[in-house]
Amino acid sequence: MKDWFRKKDVNKLLAQSNDRKGSKTLGALDLTLLGMGAIIGTGVMVLTGLVAARDAGPAVILSFILAGIVCAFAALCYAEISSAVPIGGSAYTYAYITVGELVAHLMGWTLLAVYVLMISAVASGWTGYLNNILDSFGIGIPVEWMTIPANGGIVNLPAILMVLFMTWLLLRGTKESKTVNNIMVFVKLGVILLFIIVGAFYVEPANWTPFMPYGTSGVLAGAAAVFFAFLGFDAISTSAEDAKNPQRDLPKGIIGSLAISTVIYVFVCVVMTGMASYTQLNVPEAMAYVLHLVGRNEVAGIIAIGAVIGMLAVVLAYIYAATRVMMTMSRDGLIPRSFTKLNKNDAPTVALWFIGGVSAFIAGFMDLKVLADLANIGALLTFVMVGLSVILLRRSHPNLKRGFVVPFMPLIPILSIASCVLLMVNLPFRTWIIFGIWLVIGLVWYIVYSKIRGPIHK
């Protein structure tokens with residue numbers, strides 16, 4: 001049991017990282033685009049309409065702002081600790097050096113679940129936009145082959161194929177996939193800008209009334225739901241070992257990607273809820289849908305094409321992040337060593353196919369809203385852990401070199417922890433039950449696998 005509280009030595013960890021071989025190809029711009037690639041996707045293109053219709057009404061604008069503020073607190077914490085400990089593994093590694101092995105394992109276990117659920121949720125929403133494009137060309141996919149069994153279909157086949165394709169792309173290496181990701185992000189930003197400019201001419205202020213049809217509780221529930229839309233900047237911290245200058249560039253990528261994405265989200269919400277009544281937005285392809293409503297079918301087609309391309313970047317970023325966490329846990333002996341195996345392109349073959357395969361299966365058979373809620377609660381817990389880790393690391397290693405320092409310590413980390421807890425309690429009780437079961441499974445794995453593997457010497 002004493003292993004449960006064993007911590008990693010920070011100085012030894014940094015020395016091992018400096019000695020570790022491997023290509024470092026990501027600069028500050030690449031990291032910012034990686035973060036934006038992960039952040040701007042299903043949240044703005046799918047969840048915006050669904051949350052407006054079901055939870056918050058036009059006040060979904062406030063939901064996004066509130067979720068953005070919560071993420072800003074967390075982003076500042078991520079920026080400091082990732083610049084102080086530029087090691088792959090994100091919250092898993094931070095927990096290992098500040099709290100101990102058992103908590104670290106559960107954080108890694110949670111991160112893997114969050115990333116897999118994010119991949120699956122994005123792929124699930126992606127199918128709606130793909131079908132929108134194919135319909136415009138008179139090519140219809142049989143509805144049962146793009147619908148999960150719970151909704152009367154057989155399987156969401158396009159989602160499965162998309163995830164497997166992006167997995168294959170990542171097998172070609174970080175440098176090649178980075179180039180593709182950057183192109184996809186620029187395409188995505190272009191179509192969102194097009195939506196805002198064109199849609200602004202069709203805004204009817206009457207559609208913003210009533211502004212808060214579901215009250216304050218609806219805004220909070222909406223913030224808890226759209227929190228999913230901001231997840232992505234945390235994925236940057238998993239790329240530390242691929243960054244050229246992690247202590248300088250990680251904070252830039254984390255804070256920059258979140259700031260730009262938040263502004264974009266607010267503009268999209270304002271325009272979308274102004275173009276149509278919130279009661280009409282309960283569709284997965286809301287951006288294209290509202291343009292169809294105002295007769296701009298040609299722009300809707302462009303938006304749909306851009307969404308299909310842009311959402312691929314989200315899947316790519318999260319598969320990448322998940323495999324980096326898995327590799328770190330594998331090196332530490334908490335999961336099988338086979339997940340550290342690299343191919344000739346320095347890509348983790350076993351880890352990639354495992355994450356891609358599991359994500360593809362879930363995308364093909366589970367509901368988008370359930371996936372989003374589960375991803376939210378896991379991400380909120382990891383943000384709580386990062387806030388706590390910043391406070392603990394300041395106390396245990398006050399002289400550690402930091403490329404970025406959180407202002408107003410310990411107020412900002414405490415606000416981050418408190419605001420995350422506030423959003424967590426607004427998630428459905430069913431989500432808590434499922435997530436609790438997942439943590440219990442993780443605990444059982446740790447206890448059983450630690451007996452099988454025997455003691456580890458780090």
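The model is predicted. Helix H7 (residues 157-170) packs against helix H6 (residues 101-136) and against helix H14 (residues 349-365). The count of disulfides comes to zero. Helix H5 (residues 91-98) is largely enclosed by the rest of the structure, because eight of its eight residues are buried.

**H6 against H7**

- The axes of H6 and H7 lie 8 Å apart, and the packing angle is about 120 degrees.
- H6 and H7 are therefore oblique to each other, since angles of 65 to 115 degrees count as roughly perpendicular and those over 145 as roughly antiparallel.
- The crossing of these two helices, H6 and H7, is right-handed.
- On the H6 side the contact uses Ile119, Ala123, Ser124, Trp126, Thr127 and Leu130, which meet Pro158, Ala159, Met162 and Val163 of H7.
- Eight residues of the contact between H6 and H7 are nonpolar, two are polar and none is charged.

**H7 against H14**

- H7 and H14 pack at an angle of about 165 degrees, and their axes are 8 Å apart.
- That angle makes H7 roughly antiparallel to H14, because the cut-off for this class is over 145 degrees.
- The crossing of H7 and H14 is right-handed.
- H7 contributes Ala159, Ile160, Val163, Leu164, Thr167, Trp168 and Leu170 to this contact.
- The H14 side consists of Leu352, Trp353, Gly356, Gly357, Ser359, Ala360, Ala363 and Gly364.
- By class, the contact of H7 with H14 holds 10 nonpolar and five polar residues, with no charged residues.

- The buried residues of H5 are Ala91, Tyr92, Thr93, Tyr94, Ala95, Tyr96, Ile97 and Thr98.

**Phe383 in H15**

- Phe383 is part of helix H15 (residues 368-396).
- Phe383 counts as buried because its relative accessibility is 1%, and the cut-off is under 20%.
- Leaving out residues up to four places away in sequence, Phe383 touches Cys71, Ala74, Tyr78, Phe227, Leu231, Phe233, Asp234, Ser416 and Cys420.
- Phe383 and Thr110 are separated by 273 residues in sequence, while their C-alpha atoms are 11 Å apart in space.

**Ser261 in H11**

- Ser261 belongs to helix H11 (residues 246-275).
- With a relative accessible area of 0%, Ser261 is buried.
- Beyond residues up to four places away in sequence, Ser261 touches Met36, Ile39 and Ile40.

**Cysteines**

- Zero disulfides are counted, where a pair of cysteine sulfur atoms must lie within 2.5 Å.
- Cys269 is in no disulfide, and its nearest cysteine sulfur, that of Cys71, is 14 Å away.
- Cys269 is buried, with 0% relative accessibility.
- For Cys420, the closest cysteine sulfur is in Cys71 at 7.4 Å, which is too far for a bond.
- Cys420 also counts as buried, at 0% relative accessibility.
- Both Cys71 and Cys420 are among the residues that Phe383 touches.

Note on methods. Residues numbered from 1 in each chain as written. Predicted model: local features only at pLDDT ≥ 70, side-chain atom pairs only at ≥ 80, totals over all residues. Heavy atoms only, no water. Axes fitted to C-alpha atoms, helices over the stretch in contact; angles between N-to-C directions. Helix = DSSP H or I, 4+ residues; strand = E, 2+ residues; numbered from the N terminus. Parallel < 35°, antiparallel > 145°, perpendicular 65-115°, else oblique. Left-handed = near helix turned anticlockwise from the far one by under 90°. Contact = heavy atoms within 4.5 Å. Nonpolar A, V, L, I, M, F, W, Y, C, P; charged D, E, K, R; others polar. Buried < 20%, exposed > 50% of the residue type's maximum accessible area, 1.4 Å probe, protein only.
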